[in-house]
Amino acid sequence: TVQEGCDKFCAFCVVPYTRGAELSRPVARIVDEARDLVARGVREITLLGQNVNAYHGTGPDGRDWSLARLIWELAEIDDLKRIRFTTSHPNDMDDDLIDAHAQCDKLMPYLHLPVQSGSDRILKRMNRSHDRDSYLRLIERIRTARPDILLSSDFIVGFPEETDEDFRDTIRLIEEVQFGQAYTFKYSTRPGTPAAERAQVDPAVADARLVEIQDLIAKQQRALQDAMVGRDVGVLFERPGRMPGQMVGKSDHLPAVHADTATAQPAIQPGDLRRVRIVASVRNSLSGELI
């Protein structure tokens, strides 16, 4: 964890009330912790925060550092091979962080960037402080910087007062962006939040919307996964697979990859980073061969 709390006050969220205002850890403490983890064998670090790209920790120079500057500092650690971060807010996706995705080899081509809804009316009611167009333009800039990036998002369906047309706007946004992964939720009230006091959507309607959006995301996830067949990717192996001689790890883009490593010399160990050619796409994972 490098950052806690949130200043955004989304109408559905209790984090600003339970975790308080945004607070970032000092750069030196994070770097020292990262160096200690790497010395003990860690090869990938994920920087966590309720709104992690709003990070503004005090640097060694006494000034506030951005998340991008922190990432570049961590990238100087020799045996740290991969860096990720989550969860982000679209309004804090600054130019230097987009540039880091384009230029920092250790920053993986994966970004979780919650939009929550594709309807401007609902986004305003959610107090999200961004709209559909600004989100789509941001996605375009990110993909220009890193064309192969896998995008993930959060969606809430059945938010108070959401109409069929509002929901269709969300479906259209998903179809336009093509997400590789998403977390989808049916709205549930959080006592003390503004949305809890509003007219609620019929639970049966919300259930139907959740099924539809999950089906669409699943199709997009499988299509993007299928498109990886034939590509060479980096895989950080983590553990033995179900089959003898098999190892499983995370690809650069995050989807799990399993590969037959029985004949590998030297033997593959957890923490090894190897190039793998994807040969098949199966349910929720990829099959590969060591290069």
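Modeller: One term is needed at the outset: a contact means heavy atoms within 4.5 Å. Please note also that this is a predicted model.

Biologist: With that cut-off, which residues does H253 touch, not counting residues up to four places away in sequence?

Modeller: H253 lies in the loop between β11 (246–251) and β12 (256–260). Contact requires heavy atoms within 4.5 Å. Leaving aside residues up to four places away in sequence, the residues that H253 touches are R84, P109, Y110, D148, L150, M228 and R231.

Biologist: Is H253 buried or exposed?

Modeller: A residue is called buried when its relative accessible area is under 20%. The relative accessibility of H253 is 5%, so H253 counts as buried.

Biologist: Y110 is among the residues touched by H253. What is the bridge partner of Y110 in β8?

Modeller: Strand β7 spans residues 110–112. β7 pairs with β8 (residues 150–157) in the parallel sense, over three bridges. Within β8, the bridge partner of Y110 is L150.

Biologist: What is the order of the strands in the open sheet of three strands?

Modeller: The edge strands, each pairing on one side only, are β7 (110–112) and β9 (181–186). From one strand to the next, the twist averages 10°. The pairing is parallel, and the order is β7-β8-β9.

Biologist: Which helix packs on the sheet, touching β8 and β9?

Modeller: The helix in question spans residues 203–226 and touches both β8 and β9. Its direction makes about 175° with that of β9. The helix is α8.

Biologist: How are α6 and α7 oriented relative to each other?

Modeller: Helix α6 covers residues 132–145 and helix α7 residues 164–177, with their axes 11 Å apart. They pack at an angle of about 10°, and angles under 35 degrees count as roughly parallel. The orientation of α6 and α7 is therefore roughly parallel.

Biologist: How do the residues of the contact of α4 with α6 divide?

Modeller: The axes of α4 (residues 95–103) and α6 come within 8 Å and cross at roughly 35°. D95, I98 and A102 of α4 make this contact with L138, R141, I142 and A145 of α6. The division is five nonpolar, no polar and two charged.

Biologist: How many aromatic pairs does a search of the whole structure find, and what is the geometry of F9 and Y17?

Modeller: The search finds four aromatic pairs. F9 and Y17 lie 5.6 Å apart, centre to centre, with 80° between the planes. Planes over 60 degrees apart count as edge-to-face, and the F9 and Y17 pair is edge-to-face.

Biologist: Which aromatic cluster includes F12 and F159?

Modeller: The ring centres of F12 and F159 are 6.4 Å apart and their planes lie at 85°, so this pair is edge-to-face. F12 is in the loop between β1 (3–4) and α1 (15–18), and F159 is in the loop between β8 and α7, 147 residues apart. Both F12 and F159 are buried. The aromatic cluster is formed by F12, F159 and Y187.

Technical notes:
Residues numbered from 1 in each chain as written. Predicted model: local features only at pLDDT ≥ 70, side-chain atom pairs only at ≥ 80, totals over all residues. Heavy atoms only, no water. Pairing = 2+ DSSP bridges. Helix = DSSP H or I, 4+ residues; strand = E, 2+ residues; numbered from the N terminus. Axes fitted to C-alpha atoms, helices over the stretch in contact; angles between N-to-C directions. Parallel < 35°, antiparallel > 145°, perpendicular 65-115°, else oblique. Phe/Tyr/Trp six-rings, centres within 6.5 Å; stacked < 30°, edge-to-face > 60°. Buried < 20%, exposed > 50% of the residue type's maximum accessible area, 1.4 Å probe, protein only. Nonpolar A, V, L, I, M, F, W, Y, C, P; charged D, E, K, R; others polar.
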